[in-house]
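Colleague: I have a model to look at with you. Could you put it on the screen?

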Amino acid sequence: MSTAGRYIRWTPPQERPRLLPIPLPRPAGPLWLVWRQHRAVYCTVLALAAVASAWALWQRHRLAADVQAYADVCGLDRFCTQPVPDATETVLRRFPPILSYLPSAVAALLGAPLFAQDIDRGTHRLAWTQSYGRGEWVTAKLMTTAVVTTAGALLITTPVTWWWYTVWRGREGDGSVGIAWRSIASGNDWAFFEYTGAVGIAHLLLALIAGATVGLVLRNIVLAVAVAAASGYGLQSGLRWLRPHLVPAQIHPSPTVDYPPLPPNTWHLGGGYLRTDGTLTSTAPCPQPYPGNPQTECLHAHGLQSPYTEDLRGAQFLPLHLVETALCLTVAAILTTLCTIYVHRITTR
């Protein structure tokens, strides 16, 4: 038997073929790591938003059905004593106060722990020893959480926007259904302003970034949650105070000594008197005018011409929507930039 096959020929190292290392691709960089770290919270948020969206869609169905039933009973009677449907009370009066707490909840439960939890526990050191920089770590966390927040906000604001559109179209309707809408859903569209469309999403994104900024600065999870909740409420209150000043209000003088009637869907901001020289004053030297009570002599004696109202009309709803959305996103972008700069001041010890 031949023994030639039992031996292996020795090859010098310089003659051996060189094998190039094959780099293993990373799943998705830091975005994938952030998702893996916070996926339980993200899935919970999306699930809760989906449940709230389904409930809101059901309430819209109940709202339309209840108004139709109200119209069938009352017909063209504008002074019908039929009780207000429960769905109308829920949509117009009960649910908006709950929606007003969403920015505080997002800032405290999503934004504050985003950085404060890692820094408080010291796990940020492990993340910073990887091949990702601090700025990339901050950007990945904010970007991933912002995408989840936007998706959850869409699930909530879409049916609420449908509420607003249904009520708005209903008030403009004719016949018994239009009378029913104007009777049981009196008011204007401004009550839905901060919960609809792009501005509702922008509010929650701003609250998220503000809460994350608080957590990055304070670095203590308990303190950051409390301060972030307060900051979310403060941002909401500040935007409500600033809102009437974002677009110029319209001045409408009255052709008579009586205050001019306000058209539907008007946000009344105030009023006063127009002087004969064209200037405005908010003082009321004369008794409150009312129809049939002439005040010409009193007004002219004080150099006044007629009353006026200062308000925002329905045509300004969408422009104000766009201006406030741009403002919220601009502030959120500034806070994001500050976070990427400030994170380099944190020591790893």
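Colleague: Let's start with one residue. Is Glu194 buried or exposed?

Modeller: Keep in mind that this is a predicted model. Glu194 has a relative accessible area of 8%. The cut-off for buried is under 20%, so Glu194 counts as buried.

Colleague: Which side chain does Glu194 meet in a salt bridge?

Modeller: Arg240 is a partner of Glu194, with N and O 2.7 Å apart. The two come from distant parts of the chain, 46 residues apart. Arg240 is in helix H8, residues 221–246, while Glu194 is in the loop between helix H6 (175–184) and helix H7 (197–218).

Colleague: And how accessible is Arg240?

Modeller: Arg240 has a relative accessible area of 34%. That lies between the 20% and 50% cut-offs, so Arg240 is called partly exposed.

Colleague: How many salt bridges does the structure hold?

Modeller: Six. One of them is between Asp118 and Lys141, where the closest N and O atoms are 3.1 Å apart.

Colleague: What about Arg313, which side chain does it meet?

Modeller: Arg313 meets Asp311 in a salt bridge, at 2.9 Å from N to O. Asp311 has 0% relative accessibility, so it counts as buried.

Colleague: Change of topic. How many cavities of 30 Å³ or more are there?

Modeller: The count is one. The largest cavity has a volume of about 100 Å³.

Colleague: Which residues line the largest cavity?

Modeller: Among them are Leu99, Leu102, Pro103, Ile156, Thr157 and Val160. The lining also includes Tyr195, Gly200, His203, Leu204 and Gln236. Glu194, from the salt bridge with Arg240, is another lining residue.

Colleague: Which helices each supply at least two residues of that lining?

Modeller: H3, H5 and H7 do.

Colleague: What is the lining like by class?

Modeller: Seven residues are nonpolar, four are polar and one is charged. Glu194 is in the lining, and Glu is in the charged class.

Colleague: Back to helix H8. Is His245 buried or exposed?

Modeller: His245 is in helix H8. Its relative accessible area is 56%, and the cut-off for exposed is over 50%, so His245 is exposed.

Colleague: Now the whole chain. How many helices and strands does it have?

Modeller: It has ten helices and four strands. From the N terminus, the order is α-α-α-α-α-α-α-α-β-β-β-α-β-α.

Colleague: How much of the chain is buried?

Modeller: Of its 349 residues, 40% count as buried. The accessible surface comes to about 19,500 Å², and carbon and sulfur atoms account for 64% of that.

Colleague: Last one. What share of the contacts join residues at least 24 apart?

Modeller: The share is 81%, taken among contacts between residues at least 6 apart in sequence.

Methods
Residues numbered from 1 in each chain as written. Predicted model: local features only at pLDDT ≥ 70, side-chain atom pairs only at ≥ 80, totals over all residues. Heavy atoms only, no water. Buried < 20%, exposed > 50% of the residue type's maximum accessible area, 1.4 Å probe, protein only. Contact = heavy atoms within 4.5 Å. Areas by Shrake-Rupley, 256 points an atom, 1.4 Å probe, with all protein chains shown as cover. Salt bridge = Lys/Arg side-chain N within 4 Å of Asp/Glu carboxyl O. 1 Å grid on protein atoms, 1.4 Å probe; cavity = no way out; pocket = protein on both sides within 12 Å on 5 of 7 lines; lining within 4 Å. Points joined across faces, edges and corners; volume = space filled by probe spheres on them.
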